[in-house]
Amino acid sequence: MNKLNSFMDILTGQFNNSAQFEKMKQSDLNFPYAEHINTICNDKITNLPNDFQGIFMVEESYYTANGNTHAAPHLFLFTEEENGIKLTSYELPTGYDKNTFTYQTLKPVDYNELKLSEKFTPALYIEKDGVWEGGSTSMFSPVLKFTLFERFSKECLEVSESMEVNGKKTFGYDEPILYKRVI
């Protein structure tokens with residue numbers, strides 16, 4: 001559990017890419033200003049098994065590009081595995097959508113009612129010299145592929161995400177988004 005707690009210390013808090021955004025807006029007008037608010041939420045999950053060793057986290061992501069902001073919240077479970085830390089994605093709890101799901105609005109939810117995301121392939125993060133690296137490739141449909149690669153350290157959360165439809169990139173950026181801690 002020590003590795004998991006160290007990992008979560010790096011991952012939780014408030015982050016944005018303001019430094020990168022200021023630099024990138026000169027050359028890439030579509031590069032987003034992005035924010036992450038990552039909050040452990042085990043306190044809002046009822047009926048966790050007595051021997052439960054995982055940590056649930058609400059990830060609130062906000063992306064602003066071309067003057068439009070959209071929210072992309074997630075409910076993740078992190079568990080310590082023999083080889084590293086595993087990220088498993090869950091569906092948003094019943095009654096929430098991408099515009100209403102935040103840690104603040106989350107009311108107690110029964111663990112037994114949570115549903116694993118069947119589309120997302122769990123990611124495994126391996127620690128190398130204080131930096132955690134990992135990711136996964138998921139097929140959201142027979143033609144829609146989602147690729148995630150992340151590097152986490154005390155200095156930065158580096159996130160690369162892309163979507164491809166029939167092999168053609170429809171979402172993602174040529175450079176990873178570099179989040180720095182705000183709080």
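Analyst: R151 has a relative accessible area of 31% and therefore counts as partly exposed, since buried means under 20%, exposed over 50%, and partly exposed in between (1.4 Å probe, protein chains only). This is a predicted model, in which local features need pLDDT of at least 70, side-chain atom pairs count only at pLDDT 80 or more, and totals for chains, interfaces and linings use all residues. Residues are numbered from 1 along each chain as its sequence is written, and side-chain values use heavy atoms, with hydrogens and water left out.

User: What makes R151 and E133 a salt bridge?

Analyst: The term requires a side-chain nitrogen of Lys or Arg within 4 Å of a carboxyl oxygen of Asp or Glu. The closest N and O atoms of R151 and E133 are 3.2 Å apart, so the pair meets the definition. The pair links distant parts of the chain, as R151 lies in strand β11 and E133 in strand β10 (residues 131-139), 18 residues apart. Strands here are DSSP runs (E, at least two residues), numbered from the N terminus.

User: Why is E133 called partly exposed?

Analyst: The relative accessible area of E133 is 22%, and therefore E133 is partly exposed.

User: How many salt bridges does the rule give?

Analyst: The count comes to four. Among them is the pair K25 and E22, whose closest N and O atoms are 3.1 Å apart.

User: What makes a space a cavity, and how many are found?

Analyst: On a 1 Å grid over the protein atoms alone, a cavity is a set of points where a 1.4 Å probe fits but cannot get out, and lining residues have an atom within 4 Å of a point. A search of the whole structure finds one cavity of 30 Å³ or more. The largest cavity has a volume of about 50 Å³, a volume being the space filled by probe spheres set on the points. Its lining consists of V159, S160, E161, F171, Y173, E175, P176 and I177. Strand β12 (residues 157-165) gives the most to this lining, with three residues.

Definitions and conventions: 1 Å grid on protein atoms, 1.4 Å probe; cavity = no way out; pocket = protein on both sides within 12 Å on 5 of 7 lines; lining within 4 Å. Helix = DSSP H or I, 4+ residues; strand = E, 2+ residues; numbered from the N terminus.
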